[in-house]
Amino acid sequence: MATQDELKQAVARAARDYVADRLPVGGILGVGTGSTANFFIDELAAIKDRIGGTVASSEATAKRLAGHGIRVLDLNDVDVMGIYVDGADEIDHGLALVKGGGGALTREKIVAAVADVFVCICDASKRVQTMGRFPLPVEVIPMARAYVGRELAKLGGQPKLREGMVTDNGNLILDVHGLAITDPAGLEDRINQIVGVVTNGLFARRGADVLLLATADGVQTHAR
Ligand code: 5RP
């Protein structure tokens, strides 16, 4: 039986091959954040000469990419990004996601918005019928923390401040427990309308285009 790390490694290799096959030589690649993304970054080193540059979704990812000698660009200097590769905390069968377990949801959402193709990489434990078991991360401007918490409670969730966490943007994370996310796009919009919310970890309006899913029987490819 493969361990979860072995599954993450397998899907990281599959994503490396996907990029090698589909990203034009010299193209720009977006790179996500988290342990699965870290395995992917380590695999990417083998094909770094084919890539024109990368855009990182967090400071941690930028550091890891640079450590492999992979060029990291400012998103403002990038017009076209062929592919974005990132993990997820949950993914449903419509390829909507919950992200932000690592606290990088806002930059991840920005990079995903720019990319032509969003490739989600995860192991089979992340695939669910209905999202919400994983607490939904919401990035909040610090002075709005209590107000946003009260508004999230009105939506039926139990927000909890992520202790000790300050995002790369200098903000806080509220993790919202107890939501059954039956309308991911509607809830994404609703939460983003609360004043003081930077963004939330639902990626439904811009979900994944392709899912590479590591299972005990190999890596499956699912497309929207
Ligand atoms: C970070 C994220 C990650 O993609 C998500 O938390 C999955 O992480 P991991 O690959 O470590 O399970 O959204 O903000």
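Asp-86 stands opposite Cys-120 in strand 6.

First, the ground rules. This is a predicted model, where local features need pLDDT of at least 70 and side-chain atom pairs count only at pLDDT 80 or more, while totals for chains, interfaces and linings use all residues. Residues are numbered from 1 along each chain as its sequence is written, and side-chain values use heavy atoms, leaving out hydrogens and water.

Terms next. Helices (H or I, at least four residues) and strands (E, at least two) are DSSP runs, numbered from the N terminus. Two strands pair if DSSP finds at least two bridges between them. In general, strands of a sheet pair through backbone hydrogen bonds, either parallel or antiparallel.

Back to the opening pair. Strand 3 (residues 81–86) and strand 6 (residues 115–123) run parallel, with five bridges between them. In strand 6, Ala-115 is the bridge partner of Met-81. Strand 3 also pairs with strand 1, again in the parallel sense, over three bridges. There, Leu-29 stands opposite Ile-83 in strand 3. Is strand 3 mostly covered or mostly open? Covered: six of its six residues are buried. Buried means under 20% relative accessible area, exposed means over 50%, and partly exposed lies in between (1.4 Å probe, protein chains only).

Six strands form an open sheet in the order 2-1-3-6-12-13, and the pairing is mixed. Strand 2 (53–56) and strand 13 (218–223) are the edges; each has a single partner strand, so one side of each has no neighbour in the sheet. On average, neighbouring strands of this sheet are turned by 20° against each other, direction ignored. Axes here are lines fitted to C-alpha atoms, for helices over the stretch in contact, and angles run from 0 to 180 degrees between N-to-C directions.

Which helices pack on this sheet? Helix 1 (residues 4–22) does, touching strand 1 (28–31), strand 3, strand 6, strand 12 (210–215) and strand 13. Its direction makes about 145° with that of strand 12. Helix 3 (residues 59–67) packs on the sheet too, touching strand 1 and strand 2. The direction of helix 3 makes about 155° with that of strand 2. Contact means heavy atoms within 4.5 Å.

Three strands, in the order 4-5-11, form an open sheet with antiparallel pairing. Strand 4 (90–91) and strand 11 (202–203) are its edges, each pairing on one side only. Strand 4 and strand 5 (residues 97–98) are joined by two bridges. Glu-90 stands opposite Val-98 in strand 5.

Now some residues with accessible area. Ala-113 sits in helix 4 (residues 105–114). Ala-113 counts as exposed because its relative accessibility is 55%. Its C-alpha atom is 9.8 Å from that of Met-81, 32 residues apart along the chain. Asp-49 sits in the loop between helix 2 (35–44) and strand 2. At 73% relative accessibility, Asp-49 counts as exposed. The C-alpha atoms of Asp-49 and Val-25 are 8.6 Å apart, with the two residues 24 apart along the chain.

Last stop: Ile-141. This residue lies in the loop between strand 7 (136–140) and helix 5 (145–154). Its relative accessibility is 36%, so Ile-141 counts as partly exposed. Together with Met-143 and Val-198, Ile-141 forms a nonpolar surface patch of about 310 Å² accessible area. Patches are made of residues with over 30% relative accessible area and no salt bridge; like charges are joined within 9 Å, nonpolar side chains (Val, Leu, Ile, Met, Phe, Trp, Tyr) within 5 Å. A salt bridge is a side-chain nitrogen of Lys or Arg within 4 Å of a carboxyl oxygen of Asp or Glu. Accessible areas come from the Shrake-Rupley method with a 1.4 Å probe; for residues, only the protein chains shown count as cover.
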